[in-house]
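Please keep the structure open while reading.

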Amino acid sequence: VGVQVHHDRTGHDGTACPGRGLIVERFVVIGLAHVRSAWFTEVARWSTLGTVPIDFVKCVSVEELRARVASGRRFSAALVDGRLPAVDRDLLATLADQRIAPLVVGPSDGPDWPSLGAAARLAEPLDPGALVEALEAHSAPVGLGDDTPGVDAAPLPSATWRGRLVAVTGRSGSGVSTLAAALAQGLADDARYGRDVILADLARHAHQALLHDARDVVPGLQELVEAHRSGRPTIDQHRRLTFDVPERGYRLLLGLRRPRDWVSVRRRAYEAALEGLRRSARVVVTDTDADLEGEAETGSFDIEDRNLVARTTVRRADVVVVVATPTTTGIHGAVTLLDDLRRHGVAGSRTLVVVNRAPRAARARAELTGALAELTRVGRGDADAHVGPVYIVERRHVDRLHRDLSRFPSTLVRPTADAVRLLLDRLPGLDDPLATEEPVPVLPGSLGRWAPDEDDA
């Protein structure tokens, strides 16, 4: 390791490459495959004999591969076996983050690896000429004193259309799960969405299966994420992972079966799963946790991984609904959560506050509005703190509605649904290409003026 190799640059057919002569650069390639893979042994033999200009580092486990990649040594590319279960979207993204071109060796009838983040797919049996061509096209050789090769992995294909994403969150006991289901019903009743709405339970302590009396606990969020680890499911496959709730007009994606199952959700796979979910519905309403702490706030990567689902969902949501209760602790929790959302990059114009079990008296509501405005500094010039609040009065026998899977009454549905609908109509999607590519007119005087002399400049 670390020894500079000099060899004659020859073609894969044994003839010398004209004009190249003796070189000191070579491709440093790290490989991961089963120890008995034929191509794995062949590449090592080609490297030893100088058939191909590479230094080949063999790994027999994904843990060894991750450790070597994180060690700081420079690698041009990675050859990985597409038949290994450990080779998935997250591993390819890890290599791409380290600017190592992922090259997957696998059969043509396997997954579409370039769409999962691979730079290229190489067919078996592996040909030395094809290997060299792939290395020259997608990576750079490593020489003495070189910096990390500037390799860009193949970008993930972007969807041409995505449904709107609404995240409902709040402190425990504020009624987040109930209001998320009521909001999904209200949006499904809108003719523009054509009852094409998904309610996704993304909380670690998932309650929607209980509230919907789901007799089956699979499929759910875990199966959705697993389907995106090494594939790109179709819209029909997404629909088969949800359950119809015909009484309320939406489809339900069940959550984690146990709170500790968050360890099975990987970042890149979940991001792809969330995008796939949005491609299969016009609106996705999520029941989301309020825990947004990450490594920057706590110094712990484990906490960031535990809060991965909530952090990713609220950051990509078109509208975030914060549910609060009209109590001292309820208002305090809402103000704290609003501050966490702002620190997490969620704009106040996309944050809607909903006060559940609100009093009916206008004076009491005015006091709550004033308290929220004061504590979030709306009255001191920060006009982007939040939208609302919207008030929902106390409704008795809500448990009976869940038990019978009855439709929610309009008093529980309309205030939140109307406010969310207005925000969705007013705000462009965060990833809407028209929102970023459409030209913006320049107002006269907005670009300043040329300074007449150096002193004014």
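Contact means that heavy atoms lie within 4.5 Å of each other. The model is predicted. With that cut-off, the buried residues of helix α17 pack against β8 (164-170), α6 (176-188), β13 (319-324), β14 (351-358) and β15 (387-393).

**Helix α17**
- The buried residues in α17 are L412, V413, T416, A417, A419, V420, R421, L423 and L424.
- Helix α17 (residues 410-426) has 17 residues, which at 1.5 Å a residue should span 24 Å; the end C-alpha atoms are 23 Å apart, in agreement.

**Open sheet**
- The sheet is open and consists of five strands with parallel pairing, ordered β4-β3-β5-β6-β7.
- β4 (54-59) and β7 (120-122) are the edge strands; each has a single partner strand, so one side of each lacks a neighbour in the sheet.
- From one strand to the next, the twist averages 25°.
- Three bridges join β6 (residues 101-105) and β7 in the parallel sense, and V104 has R121 in β7 as its bridge partner.
- Helix α2 (residues 62-69) packs on the sheet and touches β3 (27-32), β4 and β5 (77-81). The direction of α2 makes about 135° with that of β4.

**Nonpolar cores**
- The largest nonpolar core has 42 residues, and Y270 and L341 have the most contacts inside it.
- Helix α14 (residues 328-343) supplies the largest share of this core, six residues.
- Beyond its neighbours within four places in sequence, Y270 is in contact with L202, L221, V225, V265, V309, T312 and T313.
- A second, separate core has 37 residues, among them A184, L187, A188 and V390.

Methods: Residues are numbered from 1 along each chain as its sequence is written. This is a predicted model: local features need pLDDT of at least 70, side-chain atom pairs count only at pLDDT 80 or more; totals for chains, interfaces and linings use all residues. Side-chain values use heavy atoms; hydrogens and water are left out. Two strands pair if DSSP finds at least two bridges between them. Helices (H or I, at least four residues) and strands (E, at least two) are DSSP runs, numbered from the N terminus. Axes are lines fitted to C-alpha atoms, for helices over the stretch in contact, and angles run from 0 to 180 degrees between N-to-C directions. The expected span of a helix is 1.5 Å times one less than its number of residues. Buried means under 20% relative accessible area, exposed over 50%, partly exposed in between (1.4 Å probe, protein chains only). A nonpolar core is a set of buried Ala, Val, Leu, Ile, Met, Phe, Trp, Tyr and Cys residues joined through side-chain atoms within 4.5 Å.
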